Amino acid sequence: MKFAGITKRLAGLGSEKWAVHIEGRRRALEGQPMIFLSIGEPDLPPPSAIMDVANRQMRAGRTRYSSGRGEPEVLNALSRLYSTRTGRAISTDQFLFLPGTQTALYAAMMTLVDEGDEVLMPDPYYATYEGVIAAAGGVPVPVRVDPDHGFHLKAEQLEKAITPRSRVLLMNTPNNPTGAVFTRSEIEKIGRVCEKHDLWIVSDEVYATLTYGNTVFASPFDEDWLEKRTVVVSSVSKSHAMPGFRCGWIAASEQFCANALPVTETMLFGSQPFLEDATAFALDNAFPEVADMKRAYETRARTLVAGLKGSKHVSARMPEGGMFVMVDVRKTGLSGEAFARKLLDEESVVTMPGESFGAGGAGHLRVALTVDEHDIAEACKRIVRLAERL
Ligand SMILES: Cc1ncc(COP(=O)(O)O)c(C=O)c1O
């Protein structure tokens, strides 16, 4: 029997990227104690007040079909949040409520990309980007960013990669895997290039609330002159440790949302009203657990950077945001992949090879900050020990 072309375009995209993690899981199931630094899943529970709202609203009968665009309560909460953030009135018609950032990314690509259109993305990039672009028939165009400049994308590099087929810049700030956060001035420069070449900007802001030190989050959507060409995708998966709720959204122009709505309605026929109510509550209120979680990630990142300091062979820079640290193993002479394998085999520490996130991640490991400080400190000792042995 014949399958559609999308199955070929997506085949093999993914599984090998997770090979070290999958092997680590297998060994853990066999009883081998392992330290897992591979998966970007919050280890702390969501604020209990949010779970109470989901429960209460489910029992109150908010279990029927939702409006395809999203229920008025959550659209109003999003409108309040983004109006405050941008300092402009952002109407409820500028949002679509969707099951997580991943679905929002998929819907955005389906709305913007035709067969053969090129989508530029800073490399290293998040593991599913190639897939969402290829699903829409697009061509991913990685633009290498320099690890020695904190993995920040330069506007000139972006411009060099643009061709007549370029349609979209897919950016992610704070970045997974690199921890880089675009400054406002970088966004202005990149935005000018996108304006000149009439590119859409899809801005993945799933880690927007997680910035550290003096870093300030900035978004192209917050610049009035870039609003109409920007499509923000985000969720409460990381900000509120709610990945299993699958609650996310698109923020964009009314015109974009009107064009994307038939795409998302065809896919989904709406979300779950009781979870939309819980998201509205999450967005409208402050929670001590959320502040604690952010502090925990920052402390863990500092522990990791300090734990590798002094090593002649491996190093890490404090991330500006997000949930990950890139560990530079280039001086060991091994690839990220080879180092991650040895670390798994010889030290029982599970990380992601930087190469899993594109050629731009070569010679690095991506470490997720989703275990406690004690385990992070122990993992550092083992990473340094292995590097010294090599
Ligand atoms: C950069 C990035 N985008 C999107 C996602 C998916 O997020 P969600 O759970 O909201 O679908 C992740 C999850 O790890 C991510 O790291």
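This is a predicted model: local features need pLDDT of at least 70, side-chain atom pairs count only at pLDDT 80 or more; totals for chains, interfaces and linings use all residues.
Local features are reported at pLDDT of at least 70 and side-chain atom pairs at pLDDT 80 or more, while totals for chains, interfaces and linings use all residues. Numbering starts from 1 along each chain as its sequence is written.

The sheet is open and has 7 strands. Their order is β2-β8-β7-β6-β5-β3-β4, and the pairing is mixed. Strands are DSSP runs of E, at least two residues long; helices are runs of H or I, at least four residues long; both are numbered from the N terminus. Pairing requires at least two DSSP bridges between two strands. From one strand to the next, the twist averages 20°. Angles run from 0 to 180 degrees between N-to-C directions, with axes as lines fitted to C-alpha atoms, for helices over the stretch in contact.

Strands β5 (residues 166-172) and β6 (residues 200-204) pair in the parallel sense over 5 bridges. M171 has S203 in β6 as its bridge partner. Helix α4 (residues 72-86) packs on the sheet and touches β2 and β8 (248-251). The direction of α4 makes about 125° with that of β2. Contact here means that two C-beta atoms, placed from the backbone, lie within 7 Å.

The ligand is surrounded by 13 residues. A residue counts as near if its C-beta atom, placed from the backbone, lies within 6 Å of the molecule. The closest are G100, T101, Q102, S235 and S237. Helix α5 (residues 100-112) supplies the largest share of the shell, 3 residues. By class, the shell has 3 nonpolar, 9 polar and 1 charged residues. Nonpolar covers Ala, Val, Leu, Ile, Met, Phe, Trp, Tyr, Cys and Pro; charged covers Asp, Glu, Lys and Arg; the others, Gly among them, are polar.

Two cis peptide bonds are described next. The bond from D123 to P124 is cis, with omega near 15°. P124 is in the loop between β3 (118-123) and α6 (129-135). The bond from T173 to P174 is also cis, with omega near -15°. P174 is in the loop between β5 and α8 (184-196).

F151, in the loop between β4 and α7 (155-161), has a phi of about 60°. F151 is buried, with 24 other C-beta atoms within 10 Å. A241, in the loop between β7 (230-235) and β8, has phi near 55°. A241 is also buried, with 21 C-beta neighbours inside 10 Å. Buried means 20 or more other C-beta atoms within 10 Å, exposed 12 or fewer, and partly exposed in between, with C-beta atoms placed from the backbone.
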